[in-house]
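The sequence and structure come first, and the text follows.

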Amino acid sequence: MSEILDGKRLVMGTCYYPEHWPESLWKEDLQRMLDTGIEVVRIAEFAWSKVEPTEGNYIYEFFDRFLDLADEMGMKVIFCTPTATPPAWLTEKYPEVLNADIQGNLFRHGMRRHYNYNSPVYRKLCAQITEKFASHYGNRKCIIGWQIDNELNCEKDLFYSESDTEAFRKFLQKKYGTLESLNEAWGTVFWNQTYTAWEEIYVPRYTYSNSVNPHQVLDYIRLISESARSFAKLQSDIIRIYCKPGDFITTNGMFDHLDNHKLTEESLDFYTYDSYPDFAYGLDMYEEDEGELRDRKWSRNLSEVRSVSPIFGIMEQQSGACGWTTRLEAPTPRPGQITLWTMQSIAHGADYISYFRWRTATMGTEMYWHGILDYSGRDNRRLREIKQVHEKMQAISEVAGGIYEAEVGILKDYDNNWDAEIDNWHKRVDQVSQKSIYAAAQKTHTPLDYIYLTDSLKPEELQKYKVLFYPHATIMSEGRAKILKEYVANGGTLVVGCRSGYKDLTGKCVMYKLPGLLAELTGTDIPEYSFIAPDAGTVTVDWEGTTLEAAVFTDLLEMAGENAEVKGTYTSDYYAGTPALICNQYGEGQAWYYGTAFTEGAAKVFLEKLGVAEPYARLVELPAECEIAVRKKGEDRYLFILNYDKDSTALALHKEGINLYTGESVLGRIEVPGYGTLVIKVNEIS
């Protein structure tokens, strides 16, 4: 059993780089960590040259000395494979290991993650260094787990090397068997793209308008995911030969163009995430406007992680200002924010919190990416706050192993994720709806889950949700449609938005009446559709007296089936009076088709009218500035109250509970300071 996700307690760690610091500091640093409550360090993810300084020349003494000290002092260690940063001797001798841009220009040594997963040479050398690390260090008492690489697909999630083209051809030959099948799947008769030999096929290449066959690109992204997973499994299989029984294998992320669910099933014991909520306040990191949610939006990311591992770890939890010398400027966390972001992670299912990092590097591109300690290493406000966090983690440790509770879910799948990236029509509606539904859930204090429709998903797993949103199920398969029908027939409520069911798994548009494979389930026909024209003004929908604003696109609906009923109509533009919302009784449940994208206001109305908004209102009344997240364990519920505002606020607790920070019984009005948190244990049976 893992020593950090054992379901019995919460554990604190940090990231440490012994290669950055004089050995004279090691003992002092480890002792200060232990005094702070830190009992695990992650090491070695960028330290290939410390073990193999030149090809085939392996020396182990550096990390042996550090691990000797860790054993002596009782510090636990997560050891990493160093494959995220190949050494200079390797990339100089074997340039074929380098990734390239779409025009074929190689990414040279000096950054990180500049390699490609498919180079036979790189895979061989990575297997060798992983075997050397695992065979030499694997029996160490202090080592409790292993991290594969570092942040797979971070920085670059597109690969254009010659090795990638070779791998793409093999991937396609295995998938399609014949060129005839590939040409049919990709629709290569369009623009005379028909292939007559496998050697004519490449990964996407530069075109003057940057337009590439979308069906080719969809398969290319699938290749990237498969390549990254294969690269991880190569290392995981080796580590499992040498690691001690009970030692875990994980990796940290999560990033795009990667099926993290399959990655975890194939290679990991659990997933870990790198959480930096302060990005919401930084410059040059995200173009998206974070709006009112700001750092609160990171709960959405944590919910995505939870879909992979219901109980997970945080390998890098923000502890200081973020910044590179070349990009990103984010402020130092204000007093209370480290605690807030830590409890945000725990609230959503993290039983292990590792802060990035112990000391702030004095050199390199990330010398402005601050850790707990600044350059001088002296005690500071952040260290004092983390000591207080440790006390809180000890006080609430019984939460460990508790499962996040939600009655509402958002369905996702990797095919639609990737299609929404490469198809602007899909992207426009998806971006609006995904952001809006989550914001509405947050502001109505409605916890939700993300659920991925993977091959391993059992249909009965959906039945615990009263309502499931599948905002834009653009790509639909018979298998997924069957799962959705079973969910609704057994009493579930499904809500889908516009632009659903009009593509198959190749990304081609289907020739059925829309919404294709979802027509029977939703009782809907779509004879016509359109983007909302710029001169249309505000397009509205009347839902039995409640006005909703349509967004981006409109499907003009008709009923198709005796159990279908029009619930809402468009009230403006040339399609005024046309059905916009249809509810279809299917078995014991309901399927709703909403013919537009979801604004935040519309999503809020759906949550309220379907009876799932504010499910904990019977227990607590919360101000808008606070998030509620609930972890359940047995008959106990643990209410995490998180105040994201710098000003204090108050809540009203309707059911007596225990403030786990203090052990005191609480009821009625409770003050929550700016950036403050509460964890209240409630047993509704007592």
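Is Asp68 buried, partly exposed or exposed? Asp68 is partly exposed, with a relative accessible area of 42%; here buried means under 20% relative accessible area, exposed over 50%, and partly exposed in between (1.4 Å probe, protein chains only).

The model is predicted, so local features need pLDDT of at least 70 and side-chain atom pairs count only at pLDDT 80 or more, while totals for chains, interfaces and linings use all residues. Residues are numbered from 1 along each chain as its sequence is written, and side-chain values use heavy atoms, with hydrogens and water left out.

**Salt bridges**

Side chains of opposite charge can pair when their charged atoms come close. A salt bridge is counted when a side-chain nitrogen of Lys or Arg lies within 4 Å of a carboxyl oxygen of Asp or Glu. By this rule the structure has 46 salt bridges.

| Pair | Closest N and O atoms |
|---|---|
| Asp68 and Arg140 | 2.8 Å |
| Arg480 and Asp415 | 2.6 Å |
| Glu600 and Lys443 | 3.0 Å |

Asp68 forms a salt bridge with Arg140. Asp68 lies in helix α3 (residues 61–73) and Arg140 in the loop between α5 (120–137) and β4 (143–147), so this pair ties together parts that are 72 residues apart in sequence. Helices (H or I, at least four residues) and strands (E, at least two) are DSSP runs, numbered from the N terminus. Arg140 counts as buried, at 16% relative accessibility.

Arg480 forms a salt bridge with Asp415. Because Arg480 sits in helix α15 (residues 478–489) and Asp415 in helix α13 (residues 414–422), the pair ties together parts 65 residues apart in sequence. Arg480 is buried at 12% relative accessibility, and Asp415 is buried at 11%. Both residues also belong to a network of salt bridges that links them with Lys175, Asp219, Arg222 and Asp413.

Glu600 forms a salt bridge with Lys443. This pair links distant parts of the chain, with Glu600 in helix α17 (residues 600–609) and Lys443 in helix α14 (residues 424–443), 157 residues apart. Glu600 is partly exposed at 30% relative accessibility, and Lys443 is partly exposed at 26%.

**A loop residue**

Pro335 is in the loop between β8 (312–318) and α11 (337–347). With a relative accessible area of 54%, Pro335 is exposed. Leaving aside residues up to four places away in sequence, Pro335 touches Arg381, Glu385 and Tyr675, where contact means heavy atoms within 4.5 Å. Pro335 and Lys646 are 311 residues apart in sequence and 9.5 Å apart in space, C-alpha to C-alpha.
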